[in-house]
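Trainee: I would like to learn how to read charged pairs and domain contacts. Can we work through an example together?

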Amino acid sequence: MKMQSQYIFGTICSIDLFEDGTEELYAGLFERLNQIERKFSVNIADSELSFVNSNASEGPVVVSREFFDVLKFSVDFAEKSGGAFNPALGSIIGLWGIGTEHQRIPEKQEIEEAKKHCDYRNIILNEADDICSVMLADEKLRLDLGAIVKGYAADELVKLLKENGVTKAIINLGGNIYAFGSKSNNPDDKWNIGIKNPLKYDAEPIVVLEVNSTSVVTSGNYERFFIENGVRYHHIIDSKTGFPAETGLASVTVINESSTLCDAMATACFVAGTDAEFIKNEAVPGKIQLIFITQDGKIVKK
Ligand code: AMP
Ligand code: MG
């Protein structure tokens, strides 16, 4: 069966299994994506994330192992990235509403107020006798895992592909890509993955990567935004200012076999900029590759 697509995570998600693509396999993979969305979405009222947001400031809430693990990875990564990646930004993200019908520039005081409730250290994680719980030590703190959940979902699909003996696939969850396996029996025959030109809609890719068995994830200021008085307000927020991150970048692409790591890292690098200290510690040479595209079209590789 040919490539299949569904609208999940607020974006188009496509899976191409080539000759391994049976109806049943596609159905199983999309069901897994829908399951992940139902658990982690901030826009679904009865998701596990919404339940935690509404209840965990009153006391510890028992959560699934899966939810706990993704949140723990997120809190750890927030620590590593000095808060550039921040899973506790829900209050500010809600104010801006970028990509929703109520998107707007919030008042200065609203931002200042919301900023006080974005400290990821107030996410208290507990694990005892295999029971996982989360508490929010700030009643206005709201979780948002939108910067990592597509990466996590891509890794979950990869597990299913392996279990089902699939040899090659291309997963594309709204620009969050996994090139699974090799394109052919010849290991030199690589997948070509294009990085969108963030400066020119509909232009040719600005870089074409040749890869096998890896994820390629991009965070960019062109994905979700609005323009007011000539200023672009996009969806990646800097916790320090409460405003869309402004570091002269148009996009950051991260290449590694863990799509979860790529997703968190791409968002963090977009916020922190090319010279951030944590990048030196996290971007293991030869293992995690970074490609920054600046707003004036320069390509910086690390
Ligand atoms: P991404 O496209 O992976 O960079 O994720 C952007 C999405 O993550 C946004 O739409 C928000 O839901 C959320 N987000 C925005 N800024 C941050 C940030 N600094 N850290 C973590 N999540 C963020
Ligand atoms: Mg991300």
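Mentor: Start with Asp 76. In this predicted model, Asp 76 has a relative accessible area of 37%, so the residue is partly exposed. Lys 72 is also partly exposed, because its relative accessibility is 34%.

Trainee: How do the side chains of Asp 76 and Lys 72 meet?

Mentor: General idea first. Side chains of opposite charge can pair when their charged atoms come close. Here, Asp 76 and Lys 72 form a salt bridge, at 3.2 Å from N to O. Both residues lie in helix H3. They are 4 residues apart, about one turn of the helix.

Trainee: Which residue does Asp 69 meet in a salt bridge?

Mentor: Arg 65, with an N to O distance of 3.2 Å. Asp 69 and Arg 65 both sit in helix H3, which covers residues 65–80. Again the spacing is 4 residues, about one turn of the helix. Asp 69 has 37% relative accessibility, so Asp 69 counts as partly exposed. Arg 65, at 34%, is partly exposed.

Trainee: Are Lys 39 and Glu 48 buried or exposed?

Mentor: Both are buried. Their side chains form a salt bridge at 3.9 Å, N to O. Now follow the links. Lys 39 and Glu 48 belong to a salt-bridge network with Arg 32, Glu 66, Glu 156 and Lys 159.

Trainee: How many salt bridges does a search of the whole structure find?

Mentor: The search finds 19. Between domain 1 and domain 2, the count is 1. Look at Arg 32 and Glu 66: they form a salt bridge, and their closest N and O atoms are 2.7 Å apart.

Trainee: What area is buried between domain 1 and domain 2?

Mentor: The size of an interface is often given as the accessible area lost when the parts come together. For these domains, about 2200 Å² is buried, and carbon and sulfur atoms give 73% of that area. In residues, 27 of domain 1 are in contact with 22 of domain 2.

Methods:
Residues are numbered from 1 along each chain as its sequence is written. Chains are lettered from A and ligands numbered from 1 in the order in which they are written. This is a predicted model: local features need pLDDT of at least 70, side-chain atom pairs count only at pLDDT 80 or more; totals for chains, interfaces and linings use all residues. Side-chain values use heavy atoms; hydrogens and water are left out. Contact means heavy atoms within 4.5 Å. Buried area is the accessible area (1.4 Å probe) that two parts lose on being put together, summed over both. A salt bridge is a side-chain nitrogen of Lys or Arg within 4 Å of a carboxyl oxygen of Asp or Glu. Buried means under 20% relative accessible area, exposed over 50%, partly exposed in between (1.4 Å probe, protein chains only). Helices (H or I, at least four residues) and strands (E, at least two) are DSSP runs, numbered from the N terminus.
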